[in-house]
Amino acid sequence: MDQSKQQEEDFGYNLFPERNTKKYKKGSIAESLFTFNHKCQVMLHFALETSPYAKLLLGAMKQSGCAVYKDRHFSCEDCDGIVSGGFDATSSQIVLCQNNIHQQSHMNRVVTHELIHAFDHCRAHVDWFNNFKHLACSEIRAANLSGDCSFSNEMARFNFGIKQHHQACVRDRALRSILAVRKVTREEAEKVVDEVFESCFNDHAPFGRIPHSKRDANFAYREFQNRDRYFANL
């Protein structure tokens, strides 16, 4: 197996076949109007304009010197398997799997999840390819803060009723994400997640809390806006 193929498989690029073409071309008007791509673009725009999770993350990244632009930093593409999205650190682009995202609520969660990775990439200089603990930490944070493990989502999955369920959900979803993009055993992934779980689970930046619901996210966004105005007036 050649080295480039090995790298693609090790880092999950095989799940995003359009990443391999090295081309980001736009289709015809007819194609854009009547395909998954158009629906993906519409849902993405709605998420960025209305989701308090996304708006807070976009504001925090801009404040940190990493402004996000829709046309540059998001790409709607067809993906393999059941993956919903990914963060491509080599291009600083968020990939949204247009063939697997069909509902606005799902788009909102995926955009938030991947923006958390982008935020970590901006503020913490994550070594995605060489430091397994960095990857695990960002996956824990994304599962914890994106709403992936909200009560309503877990009810929809028929997962509920155990003590410390939120923590268990975060751990499980972080493991799933790691195993999807790395050629490691479950035992290896569990070991790394356990090593960093407590510190990364308790890192709530930039929300300042775990936004368990849209209401929590709205509170966090308003607090962020108020802090921003306060420091702007100093």
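1. A cavity, on a 1 Å grid over the protein atoms alone, is a set of points where a 1.4 Å probe fits but cannot get out, whereas a pocket is an open set with protein on both sides within 12 Å along at least five of seven lines, and lining residues are those with an atom within 4 Å of a point. Grid points are joined across faces, edges and corners, and a volume is the space filled by probe spheres set on the points. The largest cavity holds about 30 Å³ of space, and a search of the whole structure finds one cavity of 30 Å³ or more.

2. The model is a predicted one, in which local features need pLDDT of at least 70 and side-chain atom pairs count only at pLDDT 80 or more, while totals for chains, interfaces and linings use all residues. Residues are numbered from 1 along each chain as its sequence is written, and side-chain values use heavy atoms, with hydrogens and water left out.

3. The protein has eleven helices and three strands, where helices (H or I, at least four residues) and strands (E, at least two) are DSSP runs numbered from the N terminus. From that terminus on, the elements run α-α-α-α-α-β-β-β-α-α-α-α-α-α. Of the 234 residues, 42% count as buried, a term that stands for under 20% relative accessible area, with exposed being over 50% and partly exposed in between (1.4 Å probe, protein chains only).

4. The largest cavity is lined by Asn 144, Gly 147, Cys 149, Ser 150, His 166, Ile 210, Pro 211 and His 212. By class, this lining has three nonpolar, five polar and no charged residues, if Ala, Val, Leu, Ile, Met, Phe, Trp, Tyr, Cys and Pro count as nonpolar, Asp, Glu, Lys and Arg as charged, and the others, Gly among them, as polar.

5. The largest pocket has a volume of about 960 Å³, and among its 35 lining residues Val 83, Ser 84, Gly 85, Glu 114 and Ser 177 lie nearest its centre. The elements that give two or more residues to this lining are β2, α6, α7 and α9 (165-181), with α6 giving the most, six residues. The lining has 15 nonpolar, nine polar and eleven charged residues.

6. Helix α6 has 21 residues and reaches 30 Å from its first C-alpha to its last, close to the 30 Å expected at 1.5 Å a residue, the expected span being 1.5 Å times one less than the number of residues. His 125, with a positive phi near 50 degrees, follows α6.

7. The structure holds three aromatic pairs, counted when rings of Phe, Tyr and Trp (its six-membered ring) have centres within 6.5 Å, with planes under 30 degrees apart taken as stacked, over 60 as edge-to-face and the rest as tilted. Tyr 53 and Phe 207 form an edge-to-face pair, 6.1 Å centre to centre and with 65 degrees between the planes. Because Tyr 53 lies in helix α4 (residues 52-63) and Phe 207 in the loop between α10 (186-201) and α11 (214-232), the pair ties together parts that are 154 residues apart in sequence. Tyr 53 counts as buried at 10% relative accessibility, and Phe 207 likewise at 0%.

8. The rings of Phe 87 and Trp 128 have centres 5.8 Å apart and planes at 55 degrees, so this pair is tilted. Phe 87 lies in strand β2 (residues 85-88) and Trp 128 in the loop between α6 (104-124) and α7 (132-145), 41 residues apart, and both Phe 87 and Trp 128 are buried.
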